[in-house]
Amino acid sequence: MVTTSRAWLSLHRWLWGLNQEQRSVVIAYLMIVAIVGLGSLIMPQFASPNYLLLQLMKASFLGAVAAGQMMVILTGNIDLSVSWTLNLAAVMVTSIAQGQNERLWLGVLAGLAVGLIVGLLNGLGVAYLRIPSLVLTLGMDAVVKGVTVLYTGAQPKGESPELLNLIVHHKVWGGLPSVVLVWTAISLFCFIVLHRSALGRKIYAVGNNEICAYLSGVKSHRVLISAFVLSGLMNAIAGILLVGYAGRSFNGMGEPYLLPSIAAVVIGGTNILGGSGLYMGTVAGAIIITLLESTLSIMQISQAGRNIIYGLVILGMLFLYGRGSQIRE
Amino acid sequence: MTTLSIADGAQWLRRFFRRNFKVGIAYVALLALLGVYAGLQPRLFTKLVITATANQGMALVLASMGQTAVVLTAGIDLSVGPIVSLSNTLASTLFPDSVPGVIGVVVLVLLVGALAGLINGLIVVYGRLQPIIVTLATASIYSGFALMLRPRPGGYVPLWYGDLLTRRVFDLIPTSLVLLAFVLIFIWAPFRRSRLGLAVYAVGSDERAAYMSGLNVNRAKVAAYVMAGFLAALAGLFLTAQTSSGDATIGAVYTLQSIGAVVLGGTSLFGGSGGVAGTIAGAFVIRIISSVLFFAGINPLSQPLFEGLVLLIAISLGAARTFTLRNRLETMR
């Protein structure tokens, strides 16, 4: 009796000790449990390990994109060049590797280079030319689309090397798709960068107030460029992984990842204006979005209904997380 | 002495150009583009081609005007495209043949658009959430409704409706331009000159100062979103006349293109400065580029690249603030 009440007491104390950042993350994970619960009511196989692992696999791609998007959003910007950077990187992999395992590393390198270059250009434009990221990354997306269409001749070439397919689909430890391990590695990297490194602290500082950060000696231009470069690399990685998942590259494959990546970051508790948010929240956000989409498609809800529910969920969670202060305060 | 001298006139001109510098650039760009277009397509100055060109840009012009209102308050409306789709699908579903029926449907669709904008505004203002994420969510919701109305393209649009809006008045001036003039004179100008319009600019410029000056900040913001929804619905109605059918995905491109038009036209994304004059030029530039590229005989595969490059360069020039500010600190906001 005493031990259970002690447990409740410490739980209670922990819950109340959370700051707003952490509370959002907790709510996000509770939301995951709620969705799984709701889904299993509708379809008992929902809570089965097989299905959940499949969801985790699908969430890995969104998770990579959302990780990069989070870096950029934390600095107070946004990256709208996600879809075509992903696409071009994927196209690079298939057209250079051309289905041969020996050339895979070359293709991957080319894909990563795409992400690096796009990210660099985005970062330079935002940091030095002071072009608002909303419009710069938008224009960049259009340009990368143009490059991709020109390069592929409106039809993608080549197929995915077997090795890449294996990396994505192979199941270790009796069921866990190895792409989830890739996502875990990415997450570890992002967690260390954001929460345990100087660059991370600077990213939060720049997002909170760039002027103060700059006056405090933070080289804010470099921080901005780093954030966009990381985002570009993440998008490229997602594109490369998607090639392994689908077995090929095709134009338009990046389209379903832009808005969900922003939604995942925001649902994970990150402030859209930057400066606050925990990485584990973004992980939860990616999982929530993936689960939501799967649940809605299982419930045979039409695309129309899905869109509506999607929007309502985002609004609902935003209201839960706490809003801005009134202008009088 | 109250007569104006030539010196006064010169000073007024100088001030006018300095104030409207960015808008001027947008129109110079438009004229240059039209010049290139005329060079490639000698039949540009025929009535038919002028009408077609005007029609091409009109939907975007209207949608971008709405976006301008929101951007002036330092917000953004990502649901412009879906509202265009919603208005298009609603109209194509409800349109009857009779004139009074069509008028009724038009009024209804405009009200729905205004309502959508109202919802956006209320959530942003009273929910105290950021516009970018609120309109992202409502965009999803409105596109869902559009899909519900028209899961597959189709619907009915009376032939005379399409003809009415896409042809010419007195066989001289394209109806679309007349419609634009009507919107500018009877819808935008009263809004712009009213206290609400002034408040919109003030709120975008410095919200706190506007509040402390006694302006109703909340009402101004909501009004901007309502205007955006209304004009987006109007754009959808025009689009319906052009395509004579309903398609739930037709509005998708309008969101990002309207933002591009606003930026091209010299309105600052941070709010408080700019206006529809530049936006109209910006919207036409965006729309005419594709035609110009087509007539220039550029490889169709390279067209998206050129369109993207032009958009990127134009937007960068319009939005880059490095060239306008004095010291490094000022560049950061």
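User: Angles under 35 degrees count as roughly parallel, over 145 as roughly antiparallel, 65 to 115 as roughly perpendicular and the rest as oblique. With that in hand, how do α3(A) and α8(A) lie to each other?

Analyst: The model is a predicted one, in which local features need pLDDT of at least 70 and side-chain atom pairs count only at pLDDT 80 or more, while totals for chains, interfaces and linings use all residues. Residues are numbered from 1 along each chain as its sequence is written, and chains are lettered from A and ligands numbered from 1 in the order in which they are written. Helix α3 (residues 49-74) of chain A packs against helix α8 (residues 178-196) of chain A at an angle of about 30°, and their axes are 9 Å apart; α3(A) and α8(A) are therefore roughly parallel to each other. Helices here are DSSP runs (H or I, at least four residues), as are strands (E, at least two), numbered from the N terminus. The axes are lines fitted to C-alpha atoms over the stretch in contact, with angles from 0 to 180 degrees between N-to-C directions.

User: Which residues in α3(A) and α8(A) meet?

Analyst: From α3(A) come L56(A), M57(A), S60(A), G63(A), A64(A) and A67(A), and from α8(A) come V179(A), V180(A), V182(A), W183(A), I186(A), S187(A) and C190(A). Being in contact asks that the C-beta atoms, placed from the backbone, lie within 7 Å. By class, this contact of α3(A) with α8(A) has 10 nonpolar, 3 polar and no charged residues. (Ala, Val, Leu, Ile, Met, Phe, Trp, Tyr, Cys and Pro count as nonpolar, Asp, Glu, Lys and Arg as charged, and the others, Gly among them, as polar.)

User: And α4(A) with α5(A), what angle do they pack at?

Analyst: For helix α4 (residues 82-97) of chain A and helix α5 (residues 104-127) of chain A the angle is about 155°, with the axes 7 Å apart, and α4(A) and α5(A) are therefore roughly antiparallel to each other. On the α4(A) side the contact includes T85(A), L88(A) and M92(A), and on the α5(A) side it includes L104(A), G107(A) and V118(A). The contact of α4(A) with α5(A) has 13 nonpolar and 4 polar residues, and no charged residues.

User: What about α9(A) and α11(A), how do they sit to each other?

Analyst: They are roughly perpendicular to each other, since α9(A) and helix α11 (residues 220-246) of chain A pack at about 105°, with 10 Å between their axes. L199(A), K202(A), I203(A) and V206(A) of α9(A) meet S220(A), V223(A), L224(A), S226(A) and A227(A) of α11(A), and the residues of this contact divide into 6 nonpolar, 2 polar and 1 charged.

User: Is A63(B) buried or exposed?

Analyst: A63(B) counts as buried because it has 32 C-beta neighbours inside 10 Å; the cut-offs are 20 or more other C-beta atoms within 10 Å for buried and 12 or fewer for exposed, with partly exposed in between. A63(B) lies in helix α3 (residues 47-72) of chain B, and beyond its neighbours within four places in sequence it is in contact with V80(B), V84(B), L231(B), A232(B), A235(B), Y254(B) and S258(B).

User: How much of α12(B) is buried?

Analyst: α12(B) is mostly covered, with 11 of its 13 residues buried, among them Y254(B) and S258(B). After α12(B) comes G266(B), which has a positive phi near 95°.

Terms used: Two residues are in contact if their C-beta atoms, placed from the backbone, lie within 7 Å.
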